[in-house]
Amino acid sequence: MAQPPKGTYEVIHQPNKLKDLVGGPARMDETLIAKAEAALADAVSKIDLAETAKESIIKLDEAVERLRAEGAEPAGPERTIYTVMHDLRSQGSSFGYPMVEKIATSMNRYLELGEPGQRGHNDADAIKAHVDALKAVVATKMKGEAGAIGQQIVAGLYKISRTKSK
């Protein structure tokens, strides 16, 4: 352990102005917090991701078809796929669909790997596999981890995208 320098010194602590404004430990009404959490849980339980994601899935299907027809380019179908999957990833985690979150994460990791055609797989087939898996999860309303089958689906997609499981 290093020796402190010889001589005298003074440690100056800056005042915590935020703590002074708040007045110490935050005091929240626990009943209000519980009511807010219950209201949020109720709202989330009423959201049907299959219905909410319809437009996104249509965009993904169109982008896959464009990818097959035109090929990949920076502002082309891959950009659309990345953006839509990014949005679905957030929705999946928010609305109790971790499979959607994992599939979308895998897809985006795949698209981040490198230049189109240089990823070690046929890009259109790899992307379509992710989109098809997502469509199956959403159509069957697979909430939660979806058991062994769900884990096998995710593991297969992670192999394509070279994403490490959590």
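I started with S56, which sits in helix α4, residues 54-70. This is a predicted model, so I keep in mind that side-chain atom pairs count only at pLDDT 80 or more. S56 comes out at 16% relative accessibility, so I put it down as buried, given that the cut-off for buried is under 20%. Which residues does S56 contact once its neighbours within four places in sequence are left aside? I found V84 and L88.

Next I looked up G92. G92 lies in helix α5, which covers residues 77-94. Is G92 buried or exposed? I noted it as buried because its relative accessibility is 1%. Skipping residues up to four places away in sequence, I listed L49, Y97, P98, V100 and E101 as the residues that G92 touches. I also checked G92 against V138: the two are 46 residues apart in sequence, and their C-alpha atoms are 9.5 Å apart in space.

Then I went to the nonpolar core. The largest one has 35 residues. V100 is among those with the most contacts inside it, along with L60, I81, M85, I127 and L134. Which helices each supply at least two residues of this core? I wrote down α3 (49-52), α4, α5, α6 (98-112), α7 (123-139) and α8 (147-161). The largest share, 8 residues, comes from α7.

On the α6 side of the contact I have M99, K102, I103, S106, R109 and Y110. They meet G150, Q151, V154, L157, Y158, I160 and S161 in α8. How do the residues of this contact divide? I get 7 nonpolar, 4 polar and 2 charged.

Last stop was K141, in the loop between α7 and α8. Its phi is near 55 degrees, a positive value in a residue other than glycine. I made a note of that because most residues other than glycine have a negative phi.

Note on methods: Residues are numbered from 1 along each chain as its sequence is written. This is a predicted model: local features need pLDDT of at least 70, side-chain atom pairs count only at pLDDT 80 or more; totals for chains, interfaces and linings use all residues. Side-chain values use heavy atoms; hydrogens and water are left out. Helices (H or I, at least four residues) and strands (E, at least two) are DSSP runs, numbered from the N terminus. Buried means under 20% relative accessible area, exposed over 50%, partly exposed in between (1.4 Å probe, protein chains only). Contact means heavy atoms within 4.5 Å. A nonpolar core is a set of buried Ala, Val, Leu, Ile, Met, Phe, Trp, Tyr and Cys residues joined through side-chain atoms within 4.5 Å. Ala, Val, Leu, Ile, Met, Phe, Trp, Tyr, Cys and Pro count as nonpolar, Asp, Glu, Lys and Arg as charged, and the others, Gly among them, as polar.
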